[in-house]
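Please read them with the structure open.

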Amino acid sequence: MSSAALPGFRDFYPDELARRAHVFRAWRAVARRYAFVEYDGPPLEPLDLYTKKSGDEIVGQLYNFTDKGNREVALRPEMTPTFARMVGARANALRKPVRWFSIPQLFRYERAQRGRLREHFQLNVDIVGEESEVADAELLAVAIDIMRELGLGPADVRARVSDRRLLNGILLTLGVTEAQVGAVYGVVDKVARQPREVSAAKLGEAGLAPALVERVLQLAAGAEFADLQREFGAAPAAREHIERFARYRAHLDALGVGEWVDLDLSIVRGLAYYTGIVFELFDAKGELRAICGGGRYDTLLKALGGTDLPALGFGMGDVVLGELLSDRGLWPDAVQEPVDLHLVAGNGAGQRPYADALRLVAALRAAGLSVNHAMSAERYLSQATRNQVDSARKAGCSAAIYFREDGEVEAVSLLGKMKDAPTHVIPAALALAGDAAALHSLRDWLHQQRDPASNPNG
RNA sequence: GUGGCUGUAGCUCAGUCGGUUAGAGCAUCGGAUUGUGGUUCCGAGGGUCGCGGGUUCGAAUCCCGUCAGCCACCCCA
């Protein structure tokens with residue numbers, strides 16, 4: 001076996017690239033439907049772009065090195081700092097709100113495992129300059145509509161949403177002190193991933209009374225928004241946030257994605273820079289890692305040295321999403337673009353110079369058709385036609401084309417049944433001369449063969 | 001970075017108690033009376049049994065190490 005790709009890196013063979021393209025198509029189609037525009041930045045950035053935001057510990061998880069100009073650089077592990085720089089540099093000139101998306105390839109140096117490689121492609125969708133919770137609803141709707149676009153439904157994927165301000169207000173109302181809030185977040189974030197006793201012990205260590213520990217764990221394990229409204233709707237520390245969240249839910253319903261969404265106060269998204277509504281998308285069976293995560297980060301742009309603008313966004317990677325599509329059998333049947341025509345030897349092949357065969361191929365290509373051929377005069381003339389036709393069909397070609405004994409050029413469909421396959425004839429002289437009408441008729445005929453509605457052989 | 005499981009052809013896997021030149025199916029390539037199809041038949045190529053060391057007359061097989069993959073931590077996307 002020759003050397004393979006580096007650990008955590010992928011070779012994309014044509015079938016795999018076609019699947020990747022399928023996901024990218026869905027990402028772009030939905031992002032554009034929501035009026036986002038695409039941008040990109042450099043895959044290599046100054047190292048301090050990341051250490052400024054995340055501290056020096058981050059270096060252990062980066063692909064970083066010193067370049068030949070003695071600059072400390074890193075392959076980008078995330079898009080947000082680049083995005084923040086680009087927006088910040090033109091903050092005053094950009095029409096607000098900014099709605100941008102990107103599909104960067106990102107890199108992280110850490111142990112690869114299922115759903116987690118050292119390299120992946122991640123859709124980033126961000127909005128800058130809008131504080132209304134309508135923007136939060138719009139953002140989540142983009143992520144959910146991508147699931148729909150790929151054939152997934154609310155029984156396959158669930159959106160879990162929370163709001164840090166809401167959780168904060170509830171905790172303060174219950175008697176958690178400002179000083180304890182940080183520690184409580186840390187426990188709540190992991191409540192589903194560690195034993196209840198461990199969570200309880202950590203909350204106790206943070207200074208929470210036993211009754212309060214129970215109450216916090218109960219809320220983190222699952223809460224109905226209606227119950228929260230009843231209990232905290234009038235509390236001074238929580239009321240504003242309860243009301244905002246109610247409006248958010250109503251916007252999601254109106255945007256047509258309400259049935260995908262569950263409240264889950266345990267969604268904290270690390271302890272980092274999120275300031276408001278946060279969300280994650282999971283497969284409904286809970287077998288995979290998060291498909292997507294994001295939320296509001298109103299203070300980050302300023303913290304990174306940019307303008308003080310509210311912002312929100314999410315990232316959605318191709319790896320977990322691809323695993324989910326595989327599990328659900330949702331990849332399209334024909335992932336490859338079929339080739340239109342394959343030149344084979346017909347009964348008239350021997351009557352013409354080989355150059356005519358290449359001229360025919362060239363004329364068809366000039367007319368915009370995709371055409372393959374054997375690239376060997378010897379094989380074209382000596383190999384049995386049935387083998388040539390069979391190879392073309394197996395390669396996924398839509399039709400074979402050849403010179404007939406009477407000198408005409410004939411195409412025969414390779415789709416559908418082999419008996420009585422449809423054919424289309426054009427005079428060889430017109431085909432070789434690149435006659436527009438003749439080639440147009442061939443193109444129409446090909447389209448007709450591919451359209452199942454008008455192709456009884458399909 | 002820590003621990004557990006697994007490594008045989010491009011893929012899925014056989015390979016007995018340690019015993020001759022490591023096999024099958026699928027896939028690929030060539031062919032089946034100068035020509036039009038999925039079936040069928042014949043044939044071919046393709047392996048440092050992950051890698052290195054050890055035990056042994058003899059190792060795919062047993063032992064140790066290492067690398068890679070998977071899983072769980074850690075951390076996050």
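1. The crossing of H5 and H9 is left-handed, a term used when the near helix is turned anticlockwise from the far one by less than a right angle, with right-handed used if it is turned clockwise. Helix H5 covers residues 164-174 and helix H9 residues 225-232, and the two pack at an angle of about 45 degrees with their axes 12 Å apart. Axes here are lines fitted to C-alpha atoms, for helices over the stretch in contact, and angles run from 0 to 180 degrees between N-to-C directions. Helices are DSSP runs of H or I with at least four residues, strands are runs of E with at least two, and both are numbered from the N terminus.

2. This is a predicted model, in which local features need pLDDT of at least 70 and side-chain atom pairs count only at pLDDT 80 or more, whereas totals for chains, interfaces and linings use all residues. Residues are numbered from 1 along each chain as its sequence is written, chains are lettered from A and ligands numbered from 1 in the order in which they are written, and side-chain values use heavy atoms, with hydrogens and water left out.

3. The contact between these helices is made by Ile170, Thr173 and Leu174 of H5 and by Leu228, Glu231 and Phe232 of H9, where contact means heavy atoms within 4.5 Å. The residues of this contact of H5 with H9 divide into four nonpolar, one polar and one charged; Ala, Val, Leu, Ile, Met, Phe, Trp, Tyr, Cys and Pro count as nonpolar, Asp, Glu, Lys and Arg as charged, and the others, Gly among them, as polar.

4. H5 also packs with helix H6 (residues 178-189), at an angle of about 120 degrees and with the axes 11 Å apart, and the crossing of H5 and H6 is right-handed. Arg164, Leu167, Asn168, Leu171 and Leu172 in H5 meet Glu178, Val181, Val184, Tyr185 and Val188 in H6, and the residues of this contact of H5 with H6 divide into seven nonpolar, one polar and two charged.

5. Histidine 342 lies in strand E13 (residues 341-343). Histidine 342 counts as buried because its relative accessible area is 13%, the cut-offs being under 20% for buried, over 50% for exposed and partly exposed in between (1.4 Å probe, protein chains only). Leaving aside residues up to four places away in sequence, histidine 342 touches Asn372, His373, Ala374, Ala392, Cys397, Ala399, Ala400 and Ile401.
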